[in-house]
Amino acid sequence: MNRQELLANIPLFESLTPEDLEALSKRTESRDFADGDAIFHQGDAGSSLFVIDDGAVEISYGEGRGRVILATLFTGQYFGELSLFDGSPRSATATAVKKTRLVCLDREHLVDFVNKKPAAALRIIAEMSDRLRQTNELMSRQVSRNVLEEEEEHLTLGQRVADRVASFGGSWPFIFTFATIMAVWMLINILRFAIFDPYPFILLNLVLSTLAALQAPVIMMSQNRQSSKDKLLAENDYQVNLKAEMEISALLRGQAEMMARIAIVERVITRRGAVDVVPESKANALT
């Protein structure tokens, strides 16, 4: 795949004419990276777009235990395109995961290209507008999920029984019911209506001990399940917050890129207008 075909696969440039792609490809250069080499780090100054000619690149966010792998890119895919327009620091880290050859397009070369071809700049802006609309649509989608309902669907019969027993054993109806049964039990034996467990109520103590021995592990099982639920909820909250943060950052970068492109087009139009006005003023002077 030649450089012109690589650029044509990039959404930003797919609407360009073959002549524009050929002119733009002449402004690119190749760079080679070994396995494990950092192409750039998060926070580095950025001014280049990279297209993978051969190899693979891993895009990650953060460092150490908080490092999150955002994507793994392969031949024909691209990254770092936002730096072409705003020159802002890199928002992620790019690392070659094997021997990789990249095609690089610098910001100054793109600026020179759009200055000479304003029609191509308008086509690039149209592509960016479409990407911004897709980002807005993505932001409107629901990204959270009800992990508790998903967990309930995979419960065994024993886990369901443990949850029911723990739920009832920690409620006021259980307390009132059990207190009533104990009071009736003791009154029957004290008032001698039916003596089956005389004072000091040895049978009642045995029943209470047996009930406590059975209820304790069941409650512990339910508490362990509650801990699992808490972990699922915490993980889901983290994923939702991370995706929301990344989507908001992408939206803001897209808006900044759009403003940068509009500024480039305004400068190009202003220069062309000035060039057209000067010959006209000279012609008026001669007449």
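Visitor: How many bridges join strand E4 to E5?

Guide: This is a predicted model, in which local features need pLDDT of at least 70, side-chain atom pairs count only at pLDDT 80 or more, and totals for chains, interfaces and linings use all residues. Residues are numbered from 1 along each chain as its sequence is written, and side-chain values use heavy atoms, with hydrogens and water left out. Strands (E, at least two residues) and helices (H or I, at least four) are DSSP runs numbered from the N terminus, and two strands pair if DSSP finds at least two bridges between them. E4, residues 56-61, runs antiparallel to E5, and the number of bridges joining them is six.

Visitor: Which strands stand at the edges of the open sheet?

Guide: Four strands form this sheet with antiparallel pairing, in the order E2-E7-E4-E5. Two of them have a single partner strand each, so one side of each is left without a neighbour in the sheet; these are E2 (38-40) and E5 (68-74).

Visitor: Which residue in E8 is the bridge partner of Ser-48?

Guide: Strand E3 (residues 48-54) has five of its seven residues buried, that is, under 20% relative accessible area with a 1.4 Å probe and protein chains only (exposed is over 50%, partly exposed in between). Six bridges join E3 to the antiparallel strand E8, residues 100-106. There, the bridge partner of Ser-48 is Asp-106.

Visitor: Within what arc do the buried residues of H8 fall?

Guide: The buried residues of H8 are Phe-174, Trp-185 and Asn-189. They line one face of the helix, because the directions from the helix axis to their C-beta atoms fall within an arc of 25°.

Visitor: Which residue's side chain makes a polar contact with the side chain of Asp-197?

Guide: Asp-197 is found in the loop between H8 and helix H9 (202-286), and is buried at a relative accessible area of 3%. A polar contact is a pair of N or O atoms within 3.5 Å; within protein, one must be able to donate a hydrogen and the other to accept it, and residues adjacent in sequence count only if both atoms are side-chain atoms. The Asp-197 side chain reaches the backbone nitrogen of Leu-203 at 3.0 Å. Its side-chain partner, at 2.9 Å, is Trp-185.
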